[in-house]
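Me: Please take a close look at one residue in this model and describe its surroundings.

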Amino acid sequence: MVALSFAAVPLYQAFCQVTGFGGTTQRGEAASRPVLDRTIKVRFAANTDRAMPWDFQPIQGSQTIRIGANGLAFYEAHNPTGQAITGTATYNVTPFKAGQYFAKVDCFCFTEQTLTAGQRMDMPVSYYIDPAIARDPNLDGVEEITLSYTFFVDERATERLRSQDANDAAD
């Protein structure tokens with residue numbers, strides 16, 4: 001039972017990535033794909049966990065892109081504190097059923113992000129909406145997708161950073 005409970009999280013994540021369940025997006029390739037005339041408005045949302053002191057928001061509220069075309073959006077993060085903090089972003093899209101067609105080619109959310117004291121950073125996300133969405137009758141009426149991120153403090157990485165800073169100061 002213990003082994004099964006530990007295996008449940010990676011299995012659930014794999015299931016969500018394959019199916020787009022719960023608004024989980026796909027990881028896409030930069031390869032060429034057909035670009036359709038149909039457009040979808042992509043809205044951008046940003047949140048932080050209660051313990052994350054960063055200011056975090058999308059630079060633009062939305063973009064309208066053609067299905068299959070590459071999109072590029074930016075989010076801004078600011079660490080107003082006096083110490084370095086490392087964060088990790090989780091993400092999803094709504095409506096959830098569109099998650100399997102929303103592909104991110106490159107994203108700040110693929111790796112942890114460290115902002116030093118007072119640092120401000122623009123964070124890009126490169127994405128596209130898979131043209132296969134046009135063949136899914138369940139998504140015929142979808143004209144808008146929201147891409148949402150939530151940043152959390154990565155406690156382990158932040159503590160390693162603080163220990164390293166303390167060691168550097170002692171030398």
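Reply: What follows is a short account of the model as a whole and then of Gln63.

This is a predicted model, in which local features need pLDDT of at least 70, side-chain atom pairs count only at pLDDT 80 or more, and totals for chains, interfaces and linings use all residues. Residues are numbered from 1 along each chain as its sequence is written, and side-chain values use heavy atoms, with hydrogens and water left out.

The mean pLDDT (the predictor's confidence in each residue, from 0 to 100) of the chain is 85, and 77% of its residues reach 70 or more. Over residues 1–15 the pLDDT is below 50, and this stretch has three contacts (heavy atoms within 4.5 Å) beyond near neighbours in sequence.

The chain has two helices and ten strands; these are DSSP runs, H or I of at least four residues for helices and E of at least two for strands, numbered from the N terminus. Gln63 belongs to strand 4, which covers residues 62–66.

In the chain, 38% of the 171 residues are buried.

The side chain of Gln63 makes a polar contact with the side chain of Tyr127 at 2.6 Å. Such a contact is a pair of N or O atoms within 3.5 Å; within protein, one must be able to donate a hydrogen and the other to accept it, and residues adjacent in sequence count only if both atoms are side-chain atoms. A polar atom of the Gln63 side chain also lies 2.6 Å from the backbone oxygen of Leu72. Leaving out residues up to four places away in sequence, Gln63 touches Ile40, Lys41, Val42, Phe44, Gly71, Leu72, Ala73 and Tyr127.

Note on methods: Buried < 20%, exposed > 50% of the residue type's maximum accessible area, 1.4 Å probe, protein only.
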